[in-house]
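The tour below goes from one selection to the next.

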Amino acid sequence: MLCTRLTNARFLTMDPGHPVAHDLGIWQGRIVGLDEAVTSLPAREVIDLQGATVLPGFIDAHVHLAWTGFKENTPSIAGCTRVDEVLAVVEEAVIRKGTPGAWVSIAGYDQRALGRHLTAAELDTVSHGHKLFLLHDSGHGCVVNSAVLDLLPADLSRDGGFLAEGAMGAARALRLPYSQRELADAIGRAARTCLAEGVTACAEAGIGGTLVGHSPVELGAYQLAREEGLLPLRVQLMVSADRLHPVAAHEADGIPRSLDLGLRTGFGDDRLSVGALKIFTDGGMMARTAALSSPYEGLDHAGQLQDDPDVLADTIVDGHLAGWQLAVHAIGDRAADLALDALERAQRLRPRPGARHRIEHAGLIRPDQLPRFARLGVSAVVQPNFLRYFGDDYAAIMGEERAPWLYRGRAFLDRGITLVGSSDRPVTDGSPLRAIQFMVERASESGQVIGPDEALTVDEALRAYTVAGAFACHWDDRLGSLTPGKLADLVVLGDDPRRVDPSRIGDIEVVATYVDGRWTGKAAS
């Protein structure tokens, strides 16, 4: 007897062997059959989906759950366009905090809305003895007041109070880590948001590290969230590479650096597991720190790498030798050169054709770099919504020649490169449907078309958030398509993305999600 039979729906299976179905049977959390194979079988529960469209649950291959959850409960200056507006919001947050000398966090900082960066001196006028930390929306910088600057090494680059990359990490390190209780609650809030958008599995893009981590015992917070029922979707955890340290392993193992006990990609189960090793090579375009091979338009610099190139390359190689899948953050083309060079060296030293290494973001990829992606079998994990919301700005700072190379789509697929969709939430909107719409239209919110030759079909865009996401996370044997034997993770939609006008894809209602064949409830409106 089936546990559940879903009927009267249009199942877009993403499985070429059986692309469309009308019935789907579930037993003990797995799909056991489609159509005639299950239609006549008895079931404990038969659910009539009343003509809805059903897809495999969306997989968001690059998110920041804890950061998303914290941001939802943090005072924000998003939408402020004048310095006096910003300072008023900050002062109100300081007054509410009350505790003398305490840290006050503010979200939503983006210098582009103001036309320049805030300064420490300006923040000092409203800090009232508190330590202020305004996190840049990109996650690659912050603005702090003098009370924080006074605690940092004198030789640290501080640019009037704006701290980028490693300097930001130094400021974050001054703060006490979040407790596992606080982290678990934040993770739970973010997980519910993901489910409401049809996401049933995701990869957390970096725990425990200087830039994006929140605690040296952050993995335990995910375990706590799971134990308490706060983690209703599947999560794979990328570990920040700065957690690696030298180990005295047997010389035959060839492992120069590792986590304790040799922990690496693959540990865990279907609900919570350790994924790739996250390695930052550069910054971000919003903060103008992505490492380019030639300067930004209108600026006299080309961004920055996170460390000495040899140090970064050695970390990539060591991670590969230790058996990790690698998720290398490389937004600019200069950073991508470094990443590809190091991955090539690593594979030469110890061939691992099944490693499925990934380049996270791949924001600006030159035509000559595409064959190297293909040759190395590296996936491109992109964030289409970056161009949907920031595309006008990104196109301007790249200039006419480079703008068509931003967050590519068609060029990757035409060369056999696995193209993976993701959000990088909370940097921007996490909706897979709105991202899929952009991948088809290549239009920013203003209507500017960016790289029209990179446009995909709807089917190709859907694959980026299902089949390709599963492949990138080593989940393809259990997720990504509605195939008998795979886990019953589904998203129920109010319309068929392949049948509506592309301009309407992002507005399709997410009616419900199923994880392990269990209904998680109607999506939030």
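Does His 128 count as buried, partly exposed or exposed? At 49% relative accessibility, His 128 counts as partly exposed, where buried means under 20% relative accessible area, exposed over 50% and partly exposed in between (1.4 Å probe, protein chains only).

Before going on, note that this is a predicted model, in which local features need pLDDT of at least 70, side-chain atom pairs count only at pLDDT 80 or more, and totals for chains, interfaces and linings use all residues. Residues are numbered from 1 along each chain as its sequence is written, and side-chain values use heavy atoms, with hydrogens and water left out.

**Two positive phi values**

Stay on His 128, in the loop between helix H5 (120-127) and E10. Helices (H or I, at least four residues) and strands (E, at least two) are DSSP runs, numbered from the N terminus. His 128 is not a glycine, yet has a positive phi of about 50°. Next select Glu 165, in the loop between strand E12 (162-164) and helix H7 (166-173). Glu 165, also a residue other than glycine, has a positive phi near 50°. Glu 165 counts as buried, at 1% relative accessibility.

**Strand E10 and its partners**

Select strand E10 (131-136). Five of the six residues of E10 are buried. Strand E9 (residues 103-109) runs parallel to E10 and is joined to it by five bridges; two strands pair if DSSP finds at least two bridges between them. Ile 106 has Leu 134 in E10 as its bridge partner. Strand E11 (residues 141-144) pairs with E10 in the antiparallel sense, over three bridges. Here the bridge partner of Phe 133 is Val 144 in E11. The hairpin of E10 and E11 has four residues between the strands, and Gly 139 in this hairpin takes a positive phi near 80°.

**Helix H2**

Select helix H2 (residues 65-72), which is largely enclosed by the rest of the structure because six of its eight residues are buried. The buried residues in H2 are Leu 65, Ala 66, Trp 67, Thr 68, Gly 69 and Phe 70.

**The eight-stranded sheet**

Show the open sheet of eight strands, ordered E8-E13-E14-E17-E18-E19-E20-E21 with parallel pairing. Strand E8 (58-63) and strand E21 (419-421) are the edges, each pairing on one side only. From one strand to the next, the twist averages 25°. Within the sheet, strand E18 (residues 326-330) and strand E19 (residues 358-361) run parallel and are joined by four bridges. Select His 329 and its bridge partner in E19, Glu 360.

**Helices H10 and H11**

Select helix H10 (residues 309-321) and helix H11 (residues 333-349), which pack at an angle of about 40° with their axes 9 Å apart. Axes are lines fitted to C-alpha atoms, for helices over the stretch in contact, and angles run from 0 to 180 degrees between N-to-C directions. Contact means heavy atoms within 4.5 Å. Residues of H10 in this contact include Pro 309, Leu 312 and Ile 316, and those of H11 include Leu 338, Ala 342 and Arg 345.

**A cis peptide bond**

End at Arg 425 and Pro 426, joined by a cis peptide bond with omega of about 10°. Pro 426 lies in the loop between E21 and helix H15 (432-441).
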